[in-house]
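This briefing covers charged side chains and a metal site. Please look through the sequence and structure before reading the points below.

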Amino acid sequence: MADTVSFSLFGAGVSPGVAIGYAHLISSARLEVVHYEIEADKIDAEIARFDQAVARVQTELGLIASSASALAEMAAFVNLHRMILSDSQLSAAPRDIIRARRCNAEWALVEQTEHLVGQFEAMDDLYMRERKADVQQVAERVVKALTGSARARLGPSHEENVIVVAHDLSPADMILFKQHQFAGFVTDVGGVTSHTAIVARSLNLPAIVGLQHARQMIRENELLVIDGSDGILIVNPDRQVLAEYQLKQNEFQLERQKLKRIRTTPATTIDGSAIDLYANIELPADMDDVLESGATGIGLFRSEFLFLNRNDLPNEEEQFEAYREVAESMQGQPVVVRTLDLGADKTVNGAERSGPNPSLGLRAIRFCLAEPQMFLTQLRAILRASHFGDIRLLLPMVAHAHEIDHALVMVKQAKQMLDLQGLPYNPDILVGAMVEVPAAALAVNMFIKRLDFLSIGTNDLIQYTLAIDRTDNSVAHLYDPLHPAVLTLVANTIRAGARAGVPVSVCGEMAGDVRLTRLLLGLGLRQFSVHPAQLLEIKQQVLRTDLAEAKRGAARLMRAHDPERILQLLDRLNG
Ligand code: PEP
Ligand code: MG
């Protein structure tokens with residue numbers, strides 16, 4: 001360790017915990033391909049070499065897709081990669097380049113990939129722009145097939161000491177992680193909402209994305225420490241730092257173990273008030289984690305994930321089965337299904353409607369009302385599933401009274417259609433809306449009058465209140481849940497709901513941030529919906545909170561205007 005340089009890199013921690021291990025660099029298609037000339041009589045052989053590599057990767061992806069069937073979200077990613085590889089732009093065009101320029105197959109493939117990436121970058125639609133990463137990942141696989149995999153060098157006995165360092169990681173690579181025991185991974189690119197980050201969280205491995213140049217700065221086998229909670233990567237830590245992180249790692253693991261003990265403990269505050277702790281899910285495949293977390297309901301089922309990474313739309317039957325599966329596994333506990341929140345960063349191929357500013361465009365309820373057939377299909381599927389459990393309907397991104405009225409008319413219409421067919425559903429299904437646009441929080445009484453419950457989507461509420469695109473890394477530092485404007489809107493909504501007897505929950509990331517639990521309780525929140533992995537930590541904080549004290553602390557904090565003072569008061573509240 002003496003002759004090595006120690007340094008730290010900072011990125012976005014996407015999965016908490018500490019990992020300590022040796023760097024294993026995974027190569028990047030774009031950076032590491034050599035160029036050489038092919039003699040005229042060897043061109044056909046070079047093309048055949050390329051074709052063989054493509055065929056090998058197709059087989060490999062097919063195997064991964066079948067082994068990933070239990071993880072529907074991941075299987076969808078892999079199938080997308082299979083489609084990309086089948087496209088002649090990637091599987092055939094490089095042949096012409098090899099012939100025309102007499103270059104090696106790797107070089108031709110990377111040339112063509114760069115060309116395609118340029119085309120994707122020029123697209124208006126964010127979802128399509130992001131697909132450039134998928135094209136690069138597929139190309140990287142083919143390059144690996146051409147040059148031989150570096151990964152083969154890793155013996156399984158070493159894996160638990162290995163930290164994977166990559167420019168980018170594909171979801172397909174992440175599935176392979178399931179079969180390995182790597183300590184963690186870090187990447188140069190990707191935001192916290194990237195596919196890789198989503199899958200990383202579900203794997204529960206300490207991970208950091210967006211480190212920018214980590215792959216260039218780190219050498220194979222260098223000692224690394226990942227602090228996935230704070231997004232810090234330490235390269236060649238000195239003895240003291242290493243010892244500190246070993247301690248931190250032990251504490252983290254011990255804490256996780258200890259938390260499991262409160263899995264079935266009712267979530268009540270010191271003074272005996274019951275708090276609902278619900279889970280957020282994207283797909284039915286997340287239910288195992290939910291049941292393990294001890295959640296007493298699903299507070300947010302982001303149904304649009306059933307629609308992503310595919311070319312067609314899921315039909316009524318497919319949707320019905322997905323909602324019913326979740327309702328049945330919750331055995332009568334509430335399941336809040338949010339109707340499609342498409343638009344902005346989530347769009348489907350069959351119904352592209354992006355517009356010049358997707359976050360402010362035809363998103364969520366606006367999109368649904370503009371696509372009545374699609375919306376009715378979903379409403380019918382949700383209603384039919386309501387016969388099998390306590391399913392509730394949640395409308396996203398509502399800003400106007402007429403949007404709610406219109407949606408309620410469509411719910412009624414869907415019910416009438418089911419009546420005509422004699423299909424059962426819960427006629428008293430509860431209907432609520434997300435408060436995630438400042439207008440909704442300010443005019444909350446207009447909502448309360450029309451709905452059975454509200455759910456505050458703080459992710460978008462912060463985005464729209466502070467005018468920052470939540471997917472744009474360059475303004476990520478301005479994303480502040482403690483901004484007085486945000487807190488005022490949250491407090492206003494909770495207060496109005498309590499006054500009218502309409503339940504209010506928070507289902508955005510603020511609900512899963514343990515630093516904010518007491519503050520939210522003090523503001524009167526009684527329902528939290530969080531990622532299953534965060535639930536027990538939140539429960540622990542609930543168990544340690546005295547509501548009267550939290551209320552006093554929250555009131556004091558709400559009177560402060562200065563950011564530093566707000567932080568001080570938050571520390572005091574949590575102290
Ligand atoms: C939110 O906006 O806070 C929310 C929960 O919804 P999503 O993150 O899916 O937009
Ligand atoms: Mg939202």
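**Salt bridges and the magnesium site**

In this predicted model, Asp390 and Arg392 form a salt bridge whose closest N and O atoms are 2.7 Å apart. Asp390 is partly exposed at 23% relative accessibility, while Arg392 counts as buried at 19%. Salt bridges with shared partners also join Glu304, Arg338, Asp341, Arg363 and Asp460 into one network. The structure holds 24 salt bridges in total.

**Pairs within helices**

- Arg49 pairs with Glu46 in a salt bridge, with 3.0 Å between the closest N and O atoms.
- Both residues belong to helix H1 (residues 43-67), and because they are three residues apart, about one helical turn separates them.
- Arg49 is partly exposed, with a relative accessible area of 23%, whereas Glu46 is buried at 7%.
- Asp134 forms a salt bridge with Arg131, and here the closest N and O atoms are 2.5 Å apart.
- Helix H6 (residues 126-147) holds Asp134 and Arg131 three residues apart, so they too are separated by about one helical turn.
- Asp134 is buried at 3% relative accessibility, and Arg131 is buried at 6%.

**Magnesium ion (ligand 2)**

- The protein donors are Glu436 (OE) and Asp460 (OD), which lie 2.0 to 2.2 Å from the magnesium ion.
- Glu436 sits in the loop between strand E13 (431-435) and helix H16 (438-442), and Asp460 in helix H18 (residues 458-466), so the pair ties together parts 24 residues apart in sequence.
- Glu436 is buried, with a relative accessible area of 1%.
- Asp460 is buried at 2% relative accessibility, and Asp460 is also one of the residues in the salt-bridge network.

Key:
Residues are numbered from 1 along each chain as its sequence is written. Chains are lettered from A and ligands numbered from 1 in the order in which they are written. This is a predicted model: local features need pLDDT of at least 70, side-chain atom pairs count only at pLDDT 80 or more; totals for chains, interfaces and linings use all residues. Side-chain values use heavy atoms; hydrogens and water are left out. Donors are N, O and S atoms within 2.8 Å of the metal (3.2 Å for Na, K and Ca); water is not among the atoms, so sites may look incomplete. Helices (H or I, at least four residues) and strands (E, at least two) are DSSP runs, numbered from the N terminus. Buried means under 20% relative accessible area, exposed over 50%, partly exposed in between (1.4 Å probe, protein chains only). A salt bridge is a side-chain nitrogen of Lys or Arg within 4 Å of a carboxyl oxygen of Asp or Glu.
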